[in-house]
Amino acid sequence: MVNWWSISIKTKIQNQFFFYYLFLAVIPLLALSYYSYHTIKTDAQKELVNTISFDMRQSQSSLDDLYRRFQKYMDILSNSTTFYSFVLSAQNDIKQGKFQHAKYIGTMSLDPQIKSLFATDDIISAAMVVIDGRVVYSYKSFVSVTNDFKNNPVITSTQASPTLRWFSNQFTPFGVFEGKYSIITKNIFNIMGNNPSESLCQIILLVKQKTMNDLVNDQLRFPDSIVRVMDTDNTIIAGNDHTFSISDQRIASMTQKLPINQNTDNISYIDNFFALKNISNVTNWRIVQLSPSKHVTQSSSAIILFSTILVFVLLLLMFLFSFFISKEILLPVKRLANAMKKVGEMNIKMTVVPNSKNELSEIANGFNQMVERIDNLFRHTIEIERQKRKSEIDMLKYQINPHFLYNTINSIRFSAMKHQDETTANMLVTLSRLLRNTLSHPNNVIALREEMLNIQDYIRLQQLRYDNQLNVEYQIEEHTSHLLVPHMILQPIVENAILHGLNQNLNTGVKSSIILSSVLMNKTTLILSVHDNGIGITSSILEKLLDHESSFASDSLRIGFVNIHKRIRLQYGEPYGIEIESEAGSFTDVKIILPVLNDVENTDTHFISEGGTNGK
C-alpha cells in the first residue's frame, strides 16, 4: 500500500496556480508596499535634513558668537592705553629681573579692567597676560610669575601670529590648570612704538572643553547624533560624547568623504550614518553632524511590518485554497502518477486506493488490475528461469560425480594392493558414507559444518592412500560453520590440490600439507580457501585455467575449477566465483567467494535477485 502522506501535495498545476496568484496579488502588494516605504523614507529623510540643518546653524551661531566675543575682548585690551602702559612697564621690570614687581603692577593696573570686562562672562575659566614667557597677570586662577612658559608650544607657536589662535582639547595646559581646556591666544604688537612688528605680550584665555562641547550638545534634538567642529587642520574644536564605538579618526575619515561644496540642503549617507556639513563664514570652521540611519528607517518600519504580515496572510490563504483543490482533483492524479513511476522502477506491488466515486476511481481500479497482471507474469517468468538454472546446476553437479567416483575407486584399488583387512574395510566404510551424503542430499546448499564432514571423509581416504604423508590443517571460523554453501563445493578443489599439486611429493614420500580455512568479510561475503604447498601452477596455465572455451594439456586440472566457478556464477552471479593464486614450485591458493546465506529461503531469494540477472 502507498503511504499517501509521504507524497508531496504540490503538483505542476498547483505550481502554476501559485505563480498566477503571485503575479496577480502578491507582487502588486509588494510594489505598493515598496512605494509607500520609499515615500515615507523620503519624507523622513527631508525632515531629518531640516532638523540637522537647524541644529547645526544654532551650534554654529553659538560658536561664532563666542569667537566674536573673544575677538572683541582682545581688541578692547590691545587698544587700551592702561593696558599698553602696563605692558611696557612690566616689560622693563622683567628685563631687570623684577618679576614680582611686574606681577604686582599687573595686578594693580589690570585687575579692575579685566574684572569689569569678564565679570558677566562665565565661559572664561582663566585669563593670563604673558611677557617673555612670564605670567605678569592671571585672572580667576593664580599663576606664579616664577613659572617660565617661554618654551611652551602654545607660546612659541603664536609669538609671530597677528590673528586669534585657538587650541582645543589641551590636557593640563601649562602644567598648571587641571583638566581639559581650549586655549585662545592673541599676540599684542608694539603698534605705538618704533617697531610695530615687535611682540610685547600675549593675552591667553582658557575655556573648559566641556563648556565648548555643551555649546554644541545643547542644540541637538537627536541625542545619539555625533557632532564635530573642526578647524582647517582637522583639529577638533568641539564635539559631543556619543555612545557609538567609533573613533575620532574614523569620524574625520567619514567627513573627508563629504562633498566639498555640500550645503545644509544636501545630505550624504556614509557607513550607516546620514552626514551633513557646513562651514562658518566667521571662523572658517567646519561643523559636521552624523545621525544614525535608524531615524529614517524607524518611521518606515511600520509599513514594512504591515506588508510582511499581509503577504504572509495572502500566502497562507493561497495555500489553503490550493489544498482544498488538490484534495478532490489534484492529489488523486498525483497519487496515480507516483504509482506509475514506481511501477516503472520495477516496484510492481504498488496499488492505488480510490478515495472518490468518479472517473478517477475507474482509472485507479484499471491501474490496479494491470499491476496485478504484471506481477503474476513476472512471478511466472522468475519461476521458469529458476527451474532452468536449477537444471543447469544439476547437470554440472552430476558431471562432477563420475569424475569423483572414478578417482575414489582408484584410491581403493591402490590401497587394496598395499593393504589388506582392516585398512580396506575402513576405506570402504568411509567411501560408502561419503557417497551417501553426496547423492542423497535434497538441497543444492548445505551447512559449512556438514560440508566439512564430507571433505574430511574424502581426505581420510586420500591419507590412507598415501600412508598418512598428507597433513591437513582446518582453520574454520566458528561463526561461519552454520552458513550455507553449495553442496560438494570443496571436494573438486581438494582433489585437484592432491592429484596435481601434491601428487609428486606424496609419491616420493615427502610430507605435504593442505590448509582449509574460512573467513567472513564485511558480514556479506564468505571466503573458503584451499592452500597447498605443492608444485604450483605456471603463469601461462593459470591465465587460462578458468576459461571455459580454452583447452590445454592439463584438462583434468581445468575441469574441476571450471565447473565449480561456473556453478557459483550461475547460482549467485557476479562477483562470486573462484580466484586462484599460485607460484610455480611453491604453492597454490584457491579462494571460493560466496555470499553469506543463513537459510534455504534466503538462498532462493539471492538466486532470484542476483543469479537471475547477473548470471545471464
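1. Lys523 is exposed, because its relative accessibility is 72% and exposed means over 50%, buried under 20%, and partly exposed in between, with a 1.4 Å probe and protein chains only. Lys523 lies in the loop between strand E14 (512–521) and strand E15 (525–532). Have a look at its backbone too: phi of Lys523 is near 65 degrees, a positive value in a residue other than glycine.

2. A word on the source: this is a predicted model, in which local features need pLDDT of at least 70 and side-chain atom pairs count only at pLDDT 80 or more, while totals for chains, interfaces and linings use all residues. Residues are numbered from 1 along each chain as its sequence is written, and side-chain values use heavy atoms, with hydrogens and water left out.

3. Thr172 also has a positive phi, of about 45 degrees, although it is not a glycine. Thr172 sits in the loop between strand E3 (165–171) and strand E4 (180–189). With a relative accessible area of 30%, Thr172 is partly exposed.

4. Which residues does a cis peptide bond join? The bond is between Glu574 and Pro575, with omega at about 5 degrees. Pro575 belongs to the loop between helix H13 (555–572) and strand E16 (577–583).

5. Now for the chain as a whole. The protein chain has 14 helices and 17 strands; helices (H or I, at least four residues) and strands (E, at least two) are DSSP runs, numbered from the N terminus. Of the 616 residues in the chain, 46% are buried. The chain exposes about 32,700 Å², and carbon and sulfur atoms supply 55% of that area, as computed by the Shrake-Rupley method with a 1.4 Å probe. Among contacts (heavy atoms within 4.5 Å) between residues at least 6 apart in sequence, 64% join residues at least 24 apart.

6. Ile52 is part of helix H1 (residues 12–78) and is buried, with a relative accessible area of 0%. Leaving aside neighbours within four places in sequence, Ile52 contacts Phe222, Ile267, Leu276, Gln289 and Ser291. Ile52 and Phe222 are 170 residues apart in sequence, yet their C-alpha atoms are 8.5 Å apart in space.

7. Is Gln209 buried or exposed? Gln209 counts as buried, because its relative accessibility is 2%. Gln209 is in helix H5 (residues 209–217). Beyond its neighbours within four places in sequence, Gln209 is in contact with Ser168, Asn169, Lys180, Tyr181, Ser182, Ile237 and Ala238.

8. Finally, a helix pair. The axes of H10 (residues 448–465) and H11 (residues 491–507) come within 10 Å and cross at roughly 20 degrees. That makes H10 roughly parallel to H11, a term for angles under 35 degrees. H10 passes H11 in a right-handed crossing, meaning that the near helix is turned clockwise from the far one by less than a right angle. From H10, the contact is made by Glu451, Ile455, Tyr458, Ile459, Gln462 and Arg465, and from H11 by Gln491, Val494, Glu495, Ile498 and Leu499. These residues divide into 6 nonpolar, 2 polar and 3 charged; Ala, Val, Leu, Ile, Met, Phe, Trp, Tyr, Cys and Pro count as nonpolar, Asp, Glu, Lys and Arg as charged, and the others, Gly among them, as polar.

Definitions and conventions:
Axes fitted to C-alpha atoms, helices over the stretch in contact; angles between N-to-C directions. Parallel < 35°, antiparallel > 145°, perpendicular 65-115°, else oblique.
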